Amino acid sequence: MIENVLAIETSCDDTSVAIVDKSGWVHSVVSASQDLAHEPYGGIVPEIASRNHSLALLPLIEEALKKSNKTWKDIHGIAVTNRPGLIGALIVGLVTAKTISQIRGLPYIGVNHLEGHLLAPFLRDSTFSPPPDFDYPYLGLAISGGHTSLYLIHGLGRYEVIGATKDDAAGEAFDKFAKMVGLGFPGGVRVDQESKKGNEKFHDFPRSLIHEESFDMSFSGLKSSAQRLVDEWGKEKVQLHLSDLCASYQEAIVDVLLHKLDRAAKHYKIKKLILTGGVSANSRLRDRAMEMAQKKSYQLVIPPLRYCTDNAAMIGYVGALRMNRGEFSDMNLGPSPQLWPDDFKDLRQK
Ligand code: KG4
Ligand code: ZN
């Protein structure tokens, strides 16, 4: 029986380590953000991400153990993100996990990062737990800097993709807009803050594919439309109307996301919904999603930010469940920039 798992997440730009048990209880989670290292470049530089992971990881493992009041004797397995992600960044976590597994004689498993996001609502700690009646099946909108997809979650390992962005991820759309209006990196949170002072009806940005039957999304048209406006207006006029522009742009993204989620709930007759991934930190999205849930009697679970953004706790939970089912990885496991073909069943219309 695998009770406690030490988990490692290094797929993108956050280094994270957690100790989680098979019930989803998070004994500790510690992370190192690399925002400051990437800020001068206006985006994530893969080489810098790998180097920072290798500097941060071992101290974080020590800290996670210390914070959980556990020692290696209490750890029964290792979970590590091995896909999808930046290849160099994944290698740092994977090699570390394999080394610990060999030295300590512990089993280990490579985990799909997105599966972690989808099961994050089951994590628990002293200040968060999901509603007692929350369970499968549910709809999950995973929205981050690299991914924007809508899933049907039937149970552990039984996931269907019902919609996805055809181009940019929602977080990418936020980040690119922030860059073009001079708000810098990371952009999403800055656009969110600026929008609070603005009028979302100021400018009517395009909501691509919103009325299409499919649950697919697209944000590149929105981004190009904003770029054209910014080029036409010039810096001064953009600064003058910055908060109104941010609020209008943000509203277009939120409209598309919630419209698709609502339609999927109706279509599949599922009333349990989750938001996960970094963009679910967006305050306008959270407010409007909660409003929608109340109006339509949906049960909406948005895990706290520490479990929505990239974190090792969600990886540890998936690892614990899978290892208890008898699934383990061997030393031949490699990192993969993409998902594996069997990770999700694709229900999208081609
Ligand atoms: O899940 P995450 O931490 O990392 C991955 O991309 O996997 O998500 C990061 C993304 C970035 O694009 C960031 O701009 C966006 O989440 N984000 C936000 C907010 N906070 C983070 N987007 C909109 N509003 C926010 N408050
Ligand atoms: Zn993520």
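User: What is a polar contact, and which residue does the side chain of Arg-322 meet in one?

Analyst: A polar contact is a pair of N or O atoms within 3.5 Å; within protein, one must be able to donate a hydrogen and the other to accept it, and residues adjacent in sequence count only if both atoms are side-chain atoms. Here the side chain of Arg-322 makes such a contact with the side chain of Glu-327, at 2.7 Å. This is a predicted model, in which local features need pLDDT of at least 70, side-chain atom pairs count only at pLDDT 80 or more, and totals for chains, interfaces and linings use all residues. Residues are numbered from 1 along each chain as its sequence is written, chains are lettered from A and ligands numbered from 1 in the order in which they are written, and side-chain values use heavy atoms, with hydrogens and water left out.

User: Is Arg-322 buried or exposed?

Analyst: Buried means under 20% relative accessible area, exposed over 50%, and partly exposed in between (1.4 Å probe, protein chains only). Arg-322 has 16% relative accessibility and therefore counts as buried.

User: Which protein atoms are the donors of the zinc ion (ligand 2)?

Analyst: Donors are N, O and S atoms within 2.8 Å of the metal (3.2 Å for Na, K and Ca); water is not among the atoms, so sites may look incomplete. The protein donors are His-113 (NE2), His-117 (NE2) and Asp-310 (OD), 2.1 to 2.2 Å from the zinc ion. Helices (H or I, at least four residues) and strands (E, at least two) are DSSP runs, numbered from the N terminus. His-117 lies in helix H4 and Asp-310 in the loop between helices H10 and H11, so the pair ties together parts that are 193 residues apart in sequence. His-117 is buried at 1% relative accessibility, and Asp-310 is buried at 17%.

User: Which residues are the closest to ligand 1?

Analyst: A residue is near a molecule or strand if one of its heavy atoms lies within 4 Å of it. Of the 16 residues surrounding ligand 1, the closest are Gly-145, Asp-175, Asp-192, Gly-278 and Asp-310. A side-chain N or O atom of Asp-192 lies 2.9 Å from a nitrogen atom of the ligand, while a polar backbone atom of Gly-278 is 2.9 Å from one of its oxygen atoms.
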